[in-house]
Amino acid sequence: MEHPSAAVLHRRAIVIDAVAPLLWDKQYLSWYREGGVTAVAPTITTNENAWQTLKALGGWHAHLREHPELLLVRGTADIQRARDENRLGLILHFQGADPLEDDVDLVDAYRALGVGVIQLCYNVRNRLGDGSLEASDAGLSRFGRAVVERCNAAGVVVDCSHTGERTSLEAIQVSRAPVIVSHANARAVHDSRRNISDRLIRAIAECGGVVGAVAYPGFVSADPRPTLDQLLAHIEHLVQVAGIEHVSLGLDYFPGQHPFTDDAQALAVYRHFVDSGQWDAGTYPPPPYYYPEGLTTPREIPNLTAGLLGRGYSAAAVEKILGGNLLRVYRAVWGD
């Protein structure tokens with residue numbers, strides 16, 4: 001059977017980007033639509049408290065009401081509907097569990113508001129466990145166990161991106177549902193503390209989850225301007241370790257990158273994150289940030305489809321990586 005062209009395959013596939021801090025600025029929602037994305041997960045919060053998070057969620061619900069080309073994803077049927085109706089599905093996502101404060105019941109409250117994915121940590125220690133930048137790697141707390149169990153009960157996906165390895169492995173042990181790492185690359189390909197070990201990649205696969213390849217340049221390579229081939233090398237390693245069923249996309253476009261900000265603004269954002277302790281200079285290189293050539297903005301995501309086909313992946317395999325694998329995990333957790 002003849003391969004479809006990359007453009008044809010991209011149009012027919014369900015394409016899901018599992019993390020999008022760029023969408024703190026909602027004007028870029030249209031760029032994901034232009035890039036053929038079916039559903040995207042805007043980062044609602046990282047280290048904000050419950051009140052700040054509720055305000056942000058209220059803003060998103062108002063925006064959804066005013067923009068019929070968008071669709072709140074509460075279940076996998078909404079992702080299919082978004083594609084069928086040529087709309088963009090929004091999967092509400094927390095990068096870090098600070099919005100839970102110390103109350104596990106807030107998991108259910110946020111789920112009722114449409115939050116489908118909660119990441120346990122954002123680099124540093126919180127009430128649930130250790131982030132990926134903590135030297136202690138102390139593991140999941142009792143509250144963290146309770147949160148994982150409540151996420152299972154409420155139908156919220158547990159995300160171990162930015163989370164320490166021991167905390168992640170213990171979360172996988174506790175969880176009765178697949179766990180994901182929405183955005184991380186392979187440490188064996190590029191040795192960054194924010195990338196993950198083969199041990200964790202295998203554990204995610206064994207629980208039925210997925211690892212999402214990330215395009216943030218500092219996690220792709222040591223080159224200030226990484227190539228698409230360098231990102232594809234991470235995807236190939238993930239496939240080799242986890243299997244084709246357990247690889248997805250979490251491209252992590254964000255407002256501090258080229259071309260969305262100038263160098264002075266990018267440096268100010270960088271200094272804020274480093275000075276606050278959320279980033280460290282050894283893991284997060286200073287700006288400017290140029291995403292892989294040919295994948296510099298969400299508009300260029302079809303080039304990733306072409307790149308995967310060029311590496312010899314079958315059309316079926318490419319569709320799994322683009323969104324099919326995440327769709328399976330969402331269905332398993334959300335229960336529809």
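Is Glu 85 buried, partly exposed or exposed, and what is its relative accessible area? In this predicted model, Glu 85 is partly exposed, and its relative accessible area is 39%. Its side chain meets that of Arg 81 in a salt bridge, with 3.1 Å from N to O. Arg 81 likewise counts as partly exposed, at 37% relative accessibility.

A further salt bridge is formed by Asp 108 and Arg 150, whose closest N and O atoms are 2.7 Å apart. Asp 108 belongs to helix α5 (residues 105–112) and Arg 150 to helix α6 (residues 142–154), so this pair ties together parts that lie 42 residues apart in sequence. With a relative accessibility of 34%, Asp 108 counts as partly exposed. Arg 150 also falls in the partly exposed class, at 24%. Returning to Glu 85, salt bridges with shared partners join this residue, Arg 81 and Arg 87 into one network.

In total, the structure holds 14 salt bridges. One of them pairs Arg 299 with Glu 34, the closest N and O atoms being 2.8 Å apart. This pair links distant parts of the chain, 265 residues apart: Arg 299 is found in the loop between α11 (263–275) and α12 (302–310), and Glu 34 in helix α2 (residues 29–34).

Attention now turns to the nonpolar residues. In soluble globular proteins, nonpolar side chains tend to be buried together. The largest nonpolar core of the model comprises 96 residues. Within this core, the residues with the most contacts are Tyr 32, Leu 120, Ile 235, Leu 295 and Leu 304. Helix α10 (residues 228–242) supplies the largest share of the core, namely eight residues. The surroundings of Leu 304 illustrate the packing in detail: when residues up to four places away in sequence are not counted, Leu 304 touches Leu 228, Leu 232, Ile 235, Leu 249, Leu 251 and Leu 295.

Definitions and conventions. Residues are numbered from 1 along each chain as its sequence is written. This is a predicted model: local features need pLDDT of at least 70, side-chain atom pairs count only at pLDDT 80 or more; totals for chains, interfaces and linings use all residues. Side-chain values use heavy atoms; hydrogens and water are left out. A salt bridge is a side-chain nitrogen of Lys or Arg within 4 Å of a carboxyl oxygen of Asp or Glu. Helices (H or I, at least four residues) and strands (E, at least two) are DSSP runs, numbered from the N terminus. Buried means under 20% relative accessible area, exposed over 50%, partly exposed in between (1.4 Å probe, protein chains only). A nonpolar core is a set of buried Ala, Val, Leu, Ile, Met, Phe, Trp, Tyr and Cys residues joined through side-chain atoms within 4.5 Å. Contact means heavy atoms within 4.5 Å.
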